[in-house]
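I opened this notebook to keep track of what I looked up, one entry at a time. Each entry begins with the term it needs and then turns to the residues.

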Amino acid sequence: LPPAGYDEQTAKKDAAPAKEKPDTKSKMERLFGFKKEDLTSWSSLVALLNRPTDPASLGIFRCLFGLLMAIDVTQERGLSHLDFKYLDGAPVCRFPLFNFLQPLPLDWMYLVYVVMFLGALGIMLGCFYRFSCLMFISTYWYIFFLDKTAWNNHSYLYGLIGFQLTLMDGNRYWSIDGLRRPSIRNAHVPLWNYTLLRTQIFIVYFIAGIKKLDADWVEGYSMSYLAHHWLFDPFKVILPVELINLLVVHGGGLILDLSAGYLLFFDATRPYGFLSVTYFHCMNSQLFSIGMFSYTMLATSPLFCYTDWPRRFFAHFPAFLRAVLPLTSPDQQPSASCVYPEISSTSTERQEPPPAPKAPKLRFKHRLAAIFTVLYIIEQFFMPYSHFITKGYNNWTNGLYGYSWDMMVHSRSHQHVKITYKDGQTGDIGYLNPGVFTQSRRWKDHGDMLKQYATCLSQLLPRYNISEPEIYFDIWVSINERFQQRIFDPRVDIVTADWSPFKPNPWLMPLLVDLSPWRTKFQEIEGSLDNQTEIVFIADFPGLHLENFVSEDLGNTSIHVLQGKLNVEVVEEKKNYTVQPGEQIKVPAGAYHKVYTVSEDPSCYMYVYVNTTEAALQDNFTKLLEIQERARNGTGEPLIAAEGEEVNATDPIVQLFLKRQRRMKEVKKRREAGVLERFERFAVKKYYTIRRGFLMTAIALRNLAVGLPPLEQLTREVAFANMKAPQADGSQEERLKDEVGHGEL
């Protein structure tokens, strides 16, 4: 960048000689932007990290980040459904990081969200910038620590960026503070502002790639279902689904994460990096419900460009827009936050050599900024591998999901969850619905949350005449397409069980990784089945048993032993059957049975069954569809009345068929909708979601200011806030909410 006061005439005079001068920059300086000498001593490193830098790119990022966080408050942070998230007065089990953290009363929680929203707006506008950052991060981290079940990597990233911006001079460019205080407008920012943000984004990509070197990801088991998504249809022209899963989904994700940070950093590869990460994040925005994460990562990409890119970009806009656009002038003000080299001679004679710079004067705050930068970067590289310290949070995967950057590396499915309680005084045994007293399902996979859940249940059950309850959990999980197996010991009373954040969980069952090679066999077995036959693969430990009930809808249910030795007890018949590897036994429908593992090693077996009720219903649907087609061809009686007429179908099968046909027609119509119609539907949905959040916030703030109104008025106000978009057919949403699974089948 040209120094301040370097006018155009001087530039013209120097233009010709400058062309003749060879490039004196070393290769390292051209590649990395600094010289080797900048790293030879602590003082030179401090001077480098506090080097004056253009504030333009940082200012644009600050604005984009604030905007995205303001939107995020109404979306993923939950402002629009806050009353459902924090149920006032209801018996609810919560999962804070620290047990002493509890949510405030509902109206006060709305105030917390208002503070966070205003803080995000202040960051976006650069208005009372430092105070706005404090408003945002204080409330954000409070809400973050309040609920571990909502943790994910990108929510953690938002908090980190907010913290970093609090310490940075992000209001030096295109900000209201710059209008209020001309002394900071367009002033330099120290290089460490960019160093922190760039390194943070590099870590997100690179560590995510390192975590994807996990064998399950490399072999294509982590996210295999994604290959069937419509976004990968173009690849299906040249590749089978199996190769799309292995090469595109998993191989492409691994390569991109490992290389994205490097591609964005270097000038020569930056265009390819921009193209790759833009395509990647646009796809992710459609594949996953991850809120503003994709757009936030897109907003971080320009940070890797030259810091004056906004000036060059906005310089191409018409002159009449310059008043509202960011500054394009290259002239920048000096800043006390930066370190400037002192010049030993003031001579400007062209015959003399250029003046030699003196060692800059380093102040305490410059050294402190450098120390913070170095320690923060070390800490961020260390945190994803710090699980040897917090051993209590380790389960089959390391640590709480949220700060390890192991994004999408593990997928889980839960086949069976049973909660048993025992009255400590009477010995009576009963069962609880899984998830009772909580709105989360994440406790199933984390020992620390299970301990919190059991403790909460032990405090709530005495209200229902259950004294000194013991709580037992039997949770079956499959991770990355392995066998369904227990994750926690079902014989341990979790209420009294030991748990420490710094010691391994003693009641965690080991993941049976030795059985992982069976997954290849699973695919062969599943490929040999017809469309109506389903299968579940089970693995269990010696000395334990699975108690199961076969629904009457599931005919021809049988157990096939793959490994180990089983003893199957049919409860009603009061009979036991021993089953060896390679053998099978049919279990009766509508009855309980128990499967005991009696071998010394873990057993492996599979349930094979047919949903006979669904199969019969599908046959009936096929026949009805044939009747409908004949009616359309004029060779049979009509099954569906003309448009606007009611059908008097008393047969429940016919009613179900007509309902399904209407749903399929509506789904087809939505999927074939044009871009404008899709955008309108999206915009209307978001409008009513955001509308509800702000109306409920207004009600809460009014309640805090003047007190609660009469119940009838409050009911009307909430009903008005809950108003939904008008539908062409009142039952449309009801018909579409299960459009994939057809739950009535």
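Helices (H or I, at least four residues) and strands (E, at least two) are DSSP runs, and they are numbered from the N terminus. I noted that this is a predicted model, in which local features need pLDDT of at least 70 and side-chain atom pairs count only at pLDDT 80 or more, while totals for chains, interfaces and linings use all residues. Residues are numbered from 1 along each chain as its sequence is written, and side-chain values use heavy atoms, with hydrogens and water left out.

**Entry: a serine in a helix**

I looked up Ser-458 and found it in helix 17, which covers residues 447–460. Is Ser-458 buried or exposed? Its relative accessibility is 15%, so Ser-458 counts as buried (buried means under 20% relative accessible area, exposed over 50%, and partly exposed in between, with a 1.4 Å probe and protein chains only). I also noted that the C-alpha atoms of Ser-458 and Pro-469 are separated by 5.6 Å, although these residues are 11 apart along the chain.

**Entry: two helices**

For the next pair I needed axes, which are lines fitted to C-alpha atoms, for helices over the stretch in contact, with angles running from 0 to 180 degrees between N-to-C directions. The axes of helix 13 (residues 270–287) and helix 14 (residues 293–300) come within 8 Å and cross at roughly 165°. Helix 13 and helix 14 are therefore roughly antiparallel (angles under 35 degrees count as roughly parallel, over 145 as roughly antiparallel, 65 to 115 as roughly perpendicular and the rest as oblique).

Two strands pair if DSSP finds at least two bridges between them. I found four strands that form an open sheet in the order 10-15-12-13, with antiparallel pairing. Strand 10 (545–550) and strand 13 (575–579) are its edge strands, each pairing on one side only. On average, neighbouring strands of this sheet are turned by 20° against each other, direction ignored.

I then followed strand 12 (residues 566–570), which pairs with strand 15 (residues 591–597) in the antiparallel sense over five bridges. Five bridges also join strand 12 to strand 13, and these two run antiparallel. Val-570 has His-593 as its bridge partner in strand 15, and it stands opposite Lys-575 in strand 13. Glu-569 stands opposite Lys-594 in strand 15. Strand 12 is mostly covered, since four of its five residues are buried. The hairpin of strand 12 and strand 13 has four residues between the strands, and there Lys-574 takes a positive phi near 55°.

**Entry: aromatic rings**

Rings of Phe, Tyr and Trp (its six-membered ring) pair if their centres lie within 6.5 Å; planes under 30 degrees apart count as stacked, over 60 as edge-to-face and the rest as tilted. I read that the structure holds 47 aromatic pairs. One of them joins Phe-313 and Phe-314, edge-to-face, at 5.0 Å centre to centre with 80° between the planes. Phe-313 is partly exposed at 42% relative accessible area, whereas Phe-314 is buried at 12%.

**Entry: charges over rings**

A charge sits over a ring if NZ of Lys or CZ of Arg is within 6 Å of the ring centre and within 35 degrees of the ring normal. The charged end of Lys-212 sits over the ring of Trp-217, 4.9 Å from its centre. I also found the charged end of Arg-519 over the ring of Tyr-221, 3.9 Å from the centre of that ring.
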